[in-house]
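Here's a quick walk through one structure, meant for reading with the model open beside you.

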Amino acid sequence: MMNNIQKLPIIRKANMHDVKTIYEMLLKLAAYHNEEDKVTSSIEDLIEYGFSVAPQFKCLIAEIDNIAVGMIIFFETYSTWRGKMGIYVQDLYVSDNIRGTGLGEKLLKTAARIGFDHKCNHLRLSVDIGNLVGQKFYKKNGMSWIKSELTYSIQGKDFSTLVGV
């Protein structure tokens, strides 16, 4: 389809009409990491939390000839220690046939610029411990592993127990 990439992708803000495409790319991202069983979100969830009156995340879509070939989902955070806003990258996806062309870096830089324009001064993300390609990519883009931190999570029944319900 796009073996000879000569056209530059356009990067644009996602809209409600992109929700199905965003969800499909999320599923492809999960499949890339062999973690399809971990996806419990739905198209309706994306609509509610990303495209409602008070969206909780932002999404950029990369397209070539009106075909989505990548995306980045991120949201603003606040650091009490820095006293500044930042952005957290939740998902970064680039289609298999486009990987290695610099699109991931363009998406990351575009999201960072949006954050910067909203007075953010840092970017954070998590990468799976087994995702060595991703780790190399993030290091290449100036990021470093925060050795003093570990990520913890609670979900499902355990979360309900914590809440007391």
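What follows covers a helix pair, some ring contacts and a loop residue in this predicted model.

## Two helices crossing

Let's start with the helices. Two packed helices are described by the angle between their axes and the distance between the axes. Here, helix H1 takes in residues 19-32 and helix H2 residues 43-50; they pack at about 115 degrees, and their axes lie 9 Å apart. The crossing of H1 past H2 is right-handed.

Who does the touching? On the H1 side, look for Val19, Lys20, Ile22, Tyr23 and Leu26, and on the H2 side for Ile43, Leu46 and Ile47. Sorted by class, that contact has seven nonpolar residues, one charged and no polar.

## Aromatic rings

You'll find three aromatic pairs in the structure. One of them joins Phe137 and Tyr138: the ring centres are 5.1 Å apart and the planes sit at 70 degrees, so this pair counts as edge-to-face, for which the cut-off is over 60 degrees. Phe137 and Tyr138 are both buried.

There's also a charge over a ring to look at. Arg99 places its charged end over the ring of Tyr32, 4.2 Å from the ring centre.

## Asp18 in its loop

Asp18 belongs to the loop that runs between strand E1 (10-13) and H1. Is this residue buried or exposed? With a relative accessible area of 9%, Asp18 is buried, because the cut-off for that is under 20%.

As for its neighbours, leaving aside residues up to four places away in sequence, Asp18 touches Arg12, Lys13 and Ile61.

Note on methods. Residues numbered from 1 in each chain as written. Predicted model: local features only at pLDDT ≥ 70, side-chain atom pairs only at ≥ 80, totals over all residues. Heavy atoms only, no water. Phe/Tyr/Trp six-rings, centres within 6.5 Å; stacked < 30°, edge-to-face > 60°. Buried < 20%, exposed > 50% of the residue type's maximum accessible area, 1.4 Å probe, protein only. Lys NZ or Arg CZ within 6 Å of the ring centre and 35° of its normal. Axes fitted to C-alpha atoms, helices over the stretch in contact; angles between N-to-C directions. Helix = DSSP H or I, 4+ residues; strand = E, 2+ residues; numbered from the N terminus. Left-handed = near helix turned anticlockwise from the far one by under 90°. Contact = heavy atoms within 4.5 Å. Nonpolar A, V, L, I, M, F, W, Y, C, P; charged D, E, K, R; others polar.
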